[in-house]
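Please look over the arrangement of helices, domains and chains in this model. The report below takes them in turn.

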Amino acid sequence: MKNTIIIITAFVVLFLHSACQKQVFGLEHSNDPLGNFDALWEEYNELYGLFRLKGIDWVAMRATYRSRLSDESTEAELYEVLVEMLDELNDGHVGLIPVGTNFPSYFGGVFGSLDTMADFDLDLLTENYLSNPRETDFAMRYDFVADNIGYVHIDNFADGERAFDKEIGQVLDFFQSADALIIDIRGAGGGEDIAGKTIASHFTEQERLYMTTSIKNGPGANDFTTPEQWFISPRGDRQFLKPVIVLTNRFTISARETFCLAMRTLPQVTTVGDTTAGAFSNQINREMPNGWGYSVSIGEWRTADGSSFEGQGIPPQVLVRNKREDVLNGKDEALEKALELLQ
Amino acid sequence: MKIMLEKLIVILGLMLLAHSVTSQEEANARDNGWGFEVGWRQLLLADRHASPLLYQADALSLGGSYRGGYAPRWDISLNAQIGTNQARNLGQRTGILEGSPDIYGEKESFDVKANPFLSFLSGQLAGGLSWPIGTQHRLGTRLSLQYMQTGMGFDTWHYTQLDLSPTYSYYYPLGPGQFRLDFSLPILAVVQRPNYAFDPSLPDEGNYYKAYLKEGTKLASLDQFINPQLQLGYTWHRSNGKRIGLHYQLSWMSYPDPRPVRMLGQGLSLTLTR
């Protein structure tokens, strides 16, 4: 028995010794510049779901960018190389958070190229166009913007079906007498696709396919799940079938964009404003051996006909680009164009 | 399947060959009643599917159990753990995330803390039956449900395991109490892990955990799922019938799907049994 205890103790000590950890636990990458580069590149290689859709040669990019690093590279050099490489993906869901350093967080796509959301401010719009704004529990601000036209801004899509059934139900009850509705999804931040599906389902009288999603299910370039089909179908006591305008801008991203895809299938809906951000896929968070965090888009989000707006954004049916100085002076041209179209 | 059964027979046979000293006392009869446990657990966790880093969780463990009967003896136990979990070589990490710029070009910044304090939660519910073999051995079976949740890779990581194990216990009277060894090895398990892309994205399921259960639950047997568990301890039998024990636990888990996860657990606990 004494020998057994000694053997077990030795076994545990052996396990805990750092020299054995790598083998025992199957740790693959070392915490040096090339090890960190490889860890990120390989994880993207296996998980990123948009290489084939965007026509990106990730293997060629490895050769290009890895050759700029060595084991003697500094953190700054590693950061620069990774940011430049990730920037080629043109993806608003791709980010790098270099914890423990003074380097700024990096985000790709529209967030990396635009310094300001220069064409929209909800508080200025409220001040100048809404006389008695109301708010739901967490996501919507609404009021009549003209005698017979309702306006609702949806600030986030970050909750489930039941919550959004209640929120949009409250708004549509208020706008029962309205002849038309403006749904404003300008602003930043995404949420859950199921939230957008729930809200849009209050605007249709029949089932409509609006999106398919396939996510990575293996390390191969073509390892994707069978596409899941996303439908809207009538929800709520009554559906709003009168004219609707959906307002978008360059920061309409992710769950806001998939909501826009759903609304575009409806005959009574027109989209006005600027092109959306072009980042539809869900993203997951990962980390590197040095502890830096990063995000990865994991699938192909396509429209009902199989096309994709990933990386490009959904162009509005009526293009109106607000000017910053107009917005600061209380004028929202996109909103005014929407009113003009509805009156 | 045949190779699996051969491995199992060899392991059990080795246990039965352990030194035993004949005794007039039925050592394995003196183990019934309510039991309460407090202790410390440490888990070294490497999930290649979630992170390239080795994590270490240190947790306070609290539990209760009840044993009754003799042939068979039945037992049921519930155990919960709460603690910290950090990458072993990096410790607590904090980054700064900037929000989107407003019309004035201003961005809101906020700290992102990877795995805040007390972010490791775990629980286990188990029940078993065992039969005596002589006065110092028991063979039995156990069904166990285990759930773990923590932060890993700047995201939430969770794991669920329902397993069926044969069990072996050895009792050795020593002084005013007895030494005891317990060993189990699941031969069948239902394992739930996040699916390959860590995101189920189901159009008709708003609850992520339910979606994970649908998409990431698999049946595994001994050729894939290795999870031996060993417990060694001494229980001191007091004259008033209560028993105080000190136990050391050691476990190893290895499972390859969708990418390898490995866990080495150990713990120390103080028990009081009435």
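In chain A, the axes of helix α9 (residues 161–174) and helix α10 (residues 193–200) come within 9 Å and cross at roughly 35 degrees. Axes are lines fitted to C-alpha atoms, for helices over the stretch in contact, with angles running from 0 to 180 degrees between N-to-C directions. Helices (H or I, at least four residues) and strands (E, at least two) are DSSP runs, numbered from the N terminus. The crossing of α9(A) past α10(A) is right-handed, where right-handed stands for a near helix turned clockwise from the far one by less than a right angle, and left-handed for anticlockwise. From α9(A), the contact uses Glu161(A), Phe164(A), Asp165(A) and Ile168(A); from α10(A), it uses Ile194(A), Ala195(A), Thr198(A) and Ile199(A). Contact requires C-beta atoms, placed from the backbone, within 7 Å.

This is a predicted model: local features need pLDDT of at least 70, side-chain atom pairs count only at pLDDT 80 or more, and totals for chains, interfaces and linings use all residues. Residues are numbered from 1 along each chain as its sequence is written, and chains are lettered from A and ligands numbered from 1 in the order in which they are written.

Chain A is divided into domain 1 (28–115 + 280–298) and domain 2 (122–278 + 313–342). The bounds come from an automatic or database domain assignment. The C-alpha centres of the two domains lie 32 Å apart. Twelve residues of domain 1 of chain A contact twelve residues of domain 2 of chain A. On the domain 1 side, α3 (33–47), α4 (51–54) and α7 (109–113) of chain A each supply at least two residues.

Next, the chains. In all, 37 residues of chain B are in contact with 50 residues of chain A. On the chain B side, β4 (93–98) and β14 (261–273) each supply at least two residues. β4(B) gives the most, with six residues.

Ala, Val, Leu, Ile, Met, Phe, Trp, Tyr, Cys and Pro count as nonpolar, Asp, Glu, Lys and Arg as charged, and the others, Gly among them, as polar.

| α9(A) with α10(A) | five residues | one residue | two residues |

Chain B has two helices and 14 strands. Buried residues (20 or more other C-beta atoms within 10 Å) make up 35% of its 274 residues.

Key: Two residues are in contact if their C-beta atoms, placed from the backbone, lie within 7 Å. A residue is buried if 20 or more other C-beta atoms lie within 10 Å of its own, exposed if 12 or fewer, and partly exposed in between; C-beta atoms are placed from the backbone.
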